[in-house]
Amino acid sequence: MSQPMEERVHSTYRYLRVIAVLPAVWLLLAMAVVWVVRGEVFDSISDYYGGPLRDVFVGALMASGICLVAYKGESKLEDYALNFAGINAFFVALVPNSFPDLLDEASAAEDAGEPLAVGSADLLQNLGIAVGTFVVVVGIFIVVDSLFFKWTRFSWAEQGRLANVLIGLSWVAEIVLAGVVLFVVVTTLAGDESTWAFTAVHFGAASLLVLNLAFAAASHAFPGRLRTAADAPADPRKIVAAFRFIVIAMTLGIVAACIAIPADVPYAVIAVEVWEIVLFIIFWILATRSEWRRAGAPA
């Protein structure tokens with residue numbers, strides 16, 4: 001590789017590492033400003049879709065999703081986890097938690113004879129078009145990825161048992177989610193409303209997004225169990241200890257969500273979401289710093 005090309009590749013990598021967390025920082029900052037200026041705190045981040053931060057919510061999730069998919073993980077587990085997390089970020093953005101409420105509001109306005117710029121039928125069709133075309137684009141990307149990039153076939157024998165279990169669980173969950181997504185596309189384009197399917201896609205994608213972010217962090221926290229000799233070398237001991245603290249904290253957040261959300265604890269959803277996002281941002285910054293040092297780049 002020529003020196004100018006090598007420098008461009010190195011710079012592109014560094015920019016990708018830095019930019020990957022900026023959309024999440026933007027979203028958290030915008031939410032904080034809304035809280036300070038307007039005194040508004042919603043029950044979940046996705047509730048901002050129908051409020052003052054719709055563009056920020058959608059834009060931040062999609063930008064983050066692209067970066068997570070584009071980044072090549074240091075291990076097979078991290079690569080799969082980031083790819084799954086990136087795709088799920090799009091589904092969270094495209095099928096927000098507040099979408100059924102928006103449909104109900106549009107239907108009520110139509111029943112009352114109020115003029116609407118976008119009716120309930122249009123909302124359904126718009127959702128079907130957005131999600132359906134995204135699925136097509138993902139399919140095109142997979143074909144291009146397999147034809148023009150180094151796309152090695154996954155081998156169970158190359159990974160440790162725990163890594164295989166985590167990757168396998170993600171695959172099964174993603175396949176189930178994909179089935180529900182296709183159901184949503186077909187029904188919405190036909191004009192049918194399936195509230196349970198909207199809820200399943202959103203919460204399924206959001207849950208898998210958080211879990212896969214935790215899996216990505218765990219691949220750094222427990223390299224002895226989740227990496228192989230062919231993967232990138234482990235980080236220094238102090239950094240690994242920090243990663244383990246982050247993974248434990250992310251896990252505790254997930255456990256707290258499983259308890260608090262069914263119990264309808266106020267603001268439980270947004271508290272867990274912000275907790276997980278902040279922890280992943282910290283993980284990403286530490287991992288970036290560590291990798292730059294290993295590569296001899298200035299930190």
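Author: The structure, a predicted model, holds 15 aromatic pairs.

Reader: What makes two rings a pair here?

Author: Rings of Phe, Tyr and Trp (its six-membered ring) pair if their centres lie within 6.5 Å. Planes under 30 degrees apart count as stacked, over 60 as edge-to-face, and the rest as tilted. Phe42 and Tyr48 have ring centres 4.5 Å apart and planes at 65°, so this pair is edge-to-face.

Reader: Why is the pair of Phe243 and Phe283 called edge-to-face?

Author: The ring centres of Phe243 and Phe283 are 5.3 Å apart and the planes stand at 65°, so the edge-to-face label applies. Phe243 lies in helix α10 and Phe283 in helix α11, so the pair ties together parts that are 40 residues apart in sequence. Phe243 has 0% relative accessibility and counts as buried. Phe283, also at 0%, counts as buried.

Reader: Which residues do ring pairs link into a cluster?

Author: The cluster consists of Tyr13, Tyr71, Phe243, Phe280, Phe283 and Trp284.

Reader: What about charges? How many salt bridges are there?

Author: A search of the whole structure finds 3. The test is a side-chain nitrogen of Lys or Arg within 4 Å of a carboxyl oxygen of Asp or Glu.

Reader: What makes Glu291 and Arg17 a salt bridge?

Author: Their N to O distance is 3.6 Å, and the limit is 4 Å, so the pair qualifies. Glu291 lies in helix α11 (residues 268-294) and Arg17 in helix α1 (residues 3-19), so parts 274 residues apart in sequence are tied together. Both Glu291 and Arg17 are buried.

Reader: Which residue forms a salt bridge with Glu74?

Author: Arg227 does, with the closest N and O atoms 3.2 Å apart. Glu74 sits in the loop between α3 (54-70) and α4, and Arg227 in the loop between α9 (223-226) and α10 (237-260), so the pair ties together parts 153 residues apart in sequence. Glu74 and Arg227 are buried.

Reader: How do you know that Lys72 and Asp79 form a salt bridge?

Author: Their closest N and O atoms are 3.1 Å apart. Lys72 has a relative accessible area of 56%, so Lys72 is exposed. Asp79, at 12%, counts as buried.

Reader: Why is α4 called roughly antiparallel to α6?

Author: The axes of helix α4 (residues 76-94) and helix α6 (residues 120-148) come within 11 Å and cross at roughly 170°. That makes α4 roughly antiparallel to α6. Angles under 35 degrees count as roughly parallel, over 145 as roughly antiparallel, 65 to 115 as roughly perpendicular and the rest as oblique.

Reader: Which residues of α4 and α6 meet?

Author: Ile87, Phe90, Phe91 and Leu94 in α4 meet Leu127, Ala130, Val131, Phe134 and Val138 in α6. Contact means heavy atoms within 4.5 Å.

Reader: What ground rules apply to these values?

Author: Residues are numbered from 1 along each chain as its sequence is written, and side-chain values use heavy atoms, leaving out hydrogens and water. In this predicted model, local features need pLDDT of at least 70 and side-chain atom pairs count only at pLDDT 80 or more, while totals for chains, interfaces and linings use all residues.

Definitions and conventions:
Axes are lines fitted to C-alpha atoms, for helices over the stretch in contact, and angles run from 0 to 180 degrees between N-to-C directions. Helices (H or I, at least four residues) and strands (E, at least two) are DSSP runs, numbered from the N terminus. Buried means under 20% relative accessible area, exposed over 50%, partly exposed in between (1.4 Å probe, protein chains only).
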